[in-house]
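This report describes one protein model, going from its helices to its overall fold and then to its aromatic residues.

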Amino acid sequence: MKEWKCDVEGALERFLDDEEMYMDFLHQIAEEEAIVKLGKAIDAGDIQLAFDYAHTLKGVHGNMGLTPLYLLDIEIVEPLREGTFETVKENYQKLVAENEKLKEILR
C-alpha cells in the first residue's frame, strides 16, 4: 500500500491502530458499489447524483488513506460541483482502474 503512495499511517491512526479493522474496511471499500453507481449516474447525465456518489467516495477514500483514489475523486468532484462533465468520464475510467489495483493489492 505504501508503494502505491497510500497514507497507511494516517489511516491507521484514525482506526486507533487496529490493523485488522482497517483491513476489513479496505476489503469492503474495494468492493464498494458506489463506484458502479457513480458510473451509472455519469452515463445517465445526472450531475447531482454523480456528484453525491463522487463526494461520498472522496470522503471514504480520504479517510482510508487511499491517496491514488482520493486524488481521482477530487478530479471528478470538482467539475461536477461546477455543473459540468468535462474530464469526468476520463477520470472515472482511471478511478475504476485504480480500484482494480486496490483489489489486486488486497488479494
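The buried residues of α5 pack against α3 (34-44), α4 (47-63) and α6 (88-106); contact here means heavy atoms within 4.5 Å, and buried means under 20% relative accessible area, exposed over 50% and partly exposed in between, with a 1.4 Å probe and protein chains only. The model is predicted: local features need pLDDT of at least 70, side-chain atom pairs count only at pLDDT 80 or more, and totals for chains, interfaces and linings use all residues. Residues are numbered from 1 along each chain as its sequence is written, and side-chain values use heavy atoms, with hydrogens and water left out.

The residues of α5 that count as buried are P68, L69, L72, D73, I76, V77, P79 and L80. Helix α5 covers residues 67-81, and its 15 residues should span 21 Å at 1.5 Å a residue; the end C-alpha atoms are 20 Å apart, which agrees. The expected span is 1.5 Å times one less than the number of residues. After α5 comes G83, with a positive phi near 85 degrees.

Helix α3 has its own set of buried residues: A34, I35, L38, G39, A41 and I42. Because these residues cover an arc of only 165 degrees around the axis, they lie on the same side of α3; the arc is that of the directions from the helix axis to the C-beta atoms. K40, D43 and A44 are exposed and sit on the face of α3 turned away from its buried side. The cover over the buried residues of α3 includes α4, α5 and α6. Just after α3, G45 has a positive phi of about 75 degrees.

In total the protein has six helices and zero strands, in the order α-α-α-α-α-α from the N terminus. Helices (H or I, at least four residues) and strands (E, at least two) are DSSP runs, numbered from the N terminus.

For 107 residues, a compact globule would have a radius of gyration near 13 Å, and the 14 Å of the protein agrees with that. The radius is taken over C-alpha atoms, and the globule rule is 2.2 Å times the number of residues to the power 0.38. The C-alpha trace spans about 40 × 25 × 20 Å along its principal axes. Of the 107 residues, 40% count as buried. Among contacts between residues at least 6 apart in sequence, 60% join residues at least 24 apart. The protein exposes about 6300 Å², of which carbon and sulfur atoms supply 50%; areas come from the Shrake-Rupley method with a 1.4 Å probe, and for residues only the protein chains shown count as cover.

A search of the whole structure finds two aromatic pairs. Rings of Phe, Tyr and Trp (its six-membered ring) pair if their centres lie within 6.5 Å; planes under 30 degrees apart count as stacked, over 60 as edge-to-face and the rest as tilted.

| Pair | Centre to centre | Angle between planes | Class |
|---|---|---|---|
| F15 and Y22 | 5.4 Å | 75 degrees | edge-to-face |
| F15 and F25 | 5.3 Å | 65 degrees | edge-to-face |

F15, Y22 and F25 form one aromatic cluster. F15 is buried at 10% relative accessible area, Y22 is buried at 3%, and F25 is partly exposed at 35%.
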